[in-house]
There are 2 protein chains.
Amino acid sequence: MAREPLTTERIVGTSRGLLVEGGPEAVVVREVARRLGVTAPALYRHVSGRDDLLTLLIAACQDEVADVCQAAVDDCDPQDHDTRLRRATWAFRTWALTNRPEFGLVYGTPIVGYEAPKGGPTVVSGRRFGQLFGALFVDLLRAGRLRTLADDDLDPSLRADLQHAADAMGLPMRPGEVYPFVMGFQRMLGIVSVEVSGHLRWAFADSEAFTRRQLDDLAADLERPGSTPTGPTATT
Amino acid sequence: MAREPLTTERIVGTSRGLLVEGGPEAVVVREVARRLGVTAPALYRHVSGRDDLLTLLIAACQDEVADVCQAAVDDCDPQDHDTRLRRATWAFRTWALTNRPEFGLVYGTPIVGYEAPKGGPTVVSGRRFGQLFGALFVDLLRAGRLRTLADDDLDPSLRADLQHAADAMGLPMRPGEVYPFVMGFQRMLGIVSVEVSGHLRWAFADSEAFTRRQLDDLAADLERPGSTPTGPTATT
DNA sequence: CAGGGGGGGTGAACGGTGTTAACGGAGGCT
DNA sequence: AGCCTCCGTTAACACCGTTCACCCCCCCTG
């Protein structure tokens with residue numbers, strides 16, 4: 001009975017299964033091995049330890065969410081930047097909600113003692129995700145649909161950080177233009193994190209309507225009013 | 001050498017020490033016992049297990065942050081509701097940043113397999129925290145300083161949830177008035193979560209200026225414009 | 001004042017974990 | 001053929017949460 005070979009894909013796959021079933025604590029080397037019909041030390045031939053396992057898992061999830069968001073964007077009129085942005089954020093939220101454990105792993109409270117290896121797979125797939133939204137904002141800006149700030153309106157240290165961030169990501173923007181990007185990213189992450197973590201469970205039986213409104217308001221805050229009057233977005 | 005007795009306070013205290021040093025994973029029954037100069041089974045006389053330990057720890061932290069925010073509010077002109085709100089949110093943010101592990105435990109990704117005991121200490125101290133902010137909003141509302149919504153402007157299911165939430169907390173508000181409260185809570189949590197978790201590290205060397213602006217903008221969004229022109233708040 | 005009970009500690013043990021070390025077989029290259 | 005490298009094995013170490021049986025000492029009761 002020749003078992004199929006022990007590829008990294010299979011290891012990450014069953015790790016993810018464990019993650020989904022029982023959270024990060026449940027992704028346990030020995031159990032991964034067991035499910036692959038193998039003993040624990042065998043995994044150490046392919047993966048350098050539990051941390052490495054988590055690194056690969058995080059990167060895989062980050063890649064997946066980036067794919068999902070990219071697909072949502074590609075599925076839009078290339079000129080309708082407002083809708084593209086809304087679809088991307090909603091795709092993000094939907095992925096997060098249907099993949100709570102994965103979202104928690106990637107965007108939740110960092111696992112203590114776990115340090116993402118510098119230049120490792122997590123940072124490259126993280127950058128990809130950021131650049132997806134970065135591109136969205138650049139389009140919005142070029143189309144004159146982005147509500148920007150005057151650079152003077154920014155605290156000097158904040159201005160410097162924003163300039164630095166833009167340069168690091170290769171975004172051709174000045175600080176007052178990057179600000180809405182970072183703010184949007186921050187608020188989106190916050191909205192989705194809070195919904196996923198359930199820290200508003202006390203208020204809502206069904207959080208979807210609230211979150212949709214929050215994300216719509218966010219998009220409206222980012223966009224320059226006018227031309228495209230956007231009602232509530234219906235995007236399964 | 002009569003050791004001092006093994007009180008619940010001392011147990012929670014050293015647990016918190018462990019939490020701070022190494023995150024939730026590090027709060028380990030055996031190590032707590034070791035630090036108290038005692039063996040592990042001894043702790044089981046005072047605490048029913050690791051989950052109980054975490055419950056007590058979470059409740060203690062929630063109580064502390066509520067105290068801190070309450071103190072910040074009490075330290076203000078009782079009539080200046082705008083400032084009271086700003087001070088409370090800033091106190092929350094500051095506590096979160098100087099107590100990251102504790103914040104993560106309370107407001108971060110929920111620990112899998114851990115279920116807060118219904119009606120247990122965590123829910124009572126959680127309610128206390130919520131009511132602190134609830135009271136702030138009631139004051140703001142009574143003073144006519146809260147920007148509210150028309151009930152009609154809310155999705156029906158959202159409206160029902162909000163009414164229910166208000167009733168459950170004993171807030172004398174209609175849905176369009178509760179909405180800004182929940183939204184404010186949500187955004188505050190999001191802003192602070194994202195700063196604490198460091199998921200914006202790629203953008204900022206120093207996140208304080210950005211966060212302050214976010215929290216100020218949030219407060220401004222919540223308040224009815226006019227009467228009290230609020231510049232940037234300086235609140236160490 | 002004797003004695004019993006119980007609160008609060010002990011060591012030992014069970015089954016789980018991550019990780020390492022020593023070993024061995026199967027397949028390809030020289 | 002001989003060897004080497006890949007990839008698996010078993011055994012072991014040190015740690016974890018939790019339970020068990022034990023026991024000591026203090027306090028309350030008769």
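Trainee: Which residues are the closest to DNA strand C?
Mentor: This is a predicted model, in which local features need pLDDT of at least 70, side-chain atom pairs count only at pLDDT 80 or more, and totals for chains, interfaces and linings use all residues. Residues are numbered from 1 along each chain as its sequence is written, while chains are lettered from A and ligands numbered from 1 in the order in which they are written. A residue is near a strand if its C-beta atom, placed from the backbone, lies within 6 Å of it. 16 residues surround DNA strand C, and the closest are A:Val28, A:Gly49, A:Arg50, B:Thr39 and B:Pro41.

Trainee: Which helix gives the most to the surface near DNA strand C?
Mentor: Helices are DSSP runs (H or I, at least four residues), numbered from the N terminus. At least two residues each come from helix H2 (29-35), H3 and helix H4 (50-74) of chain A, and from H3 of chain B. The most, three residues, come from H2(A).

Trainee: And which helix gives the most to the surface near DNA strand D?
Mentor: 17 residues surround DNA strand D, with A:Thr39 and B:Val28 among the closest. Two or more residues each are given by helix H3 (40-43) of chain A and by helix H2 (29-35), helix H3 (40-43) and helix H4 (50-74) of chain B. With three residues, the most comes from H2(B).

Trainee: Are H5(B) and H7(B) roughly parallel or roughly antiparallel?
Mentor: Helix H5 (residues 81-98) and helix H7 (residues 121-142) of chain B pack at an angle of about 160°, with axes 10 Å apart. The axes are lines fitted to C-alpha atoms over the stretch in contact, and angles run from 0 to 180 degrees between N-to-C directions. Angles over 145 degrees count as roughly antiparallel and those under 35 as roughly parallel. Therefore H5(B) and H7(B) are roughly antiparallel.

Trainee: Which residues of H7(B) make the contact with H5(B)?
Mentor: Two residues are in contact if their C-beta atoms, placed from the backbone, lie within 7 Å. H5(B) brings B:His81, B:Arg84, B:Leu85 and B:Ala88. From H7(B) come B:Phe133, B:Leu136, B:Asp139 and B:Leu140.

Terms used
Angles under 35 degrees count as roughly parallel, over 145 as roughly antiparallel, 65 to 115 as roughly perpendicular and the rest as oblique.
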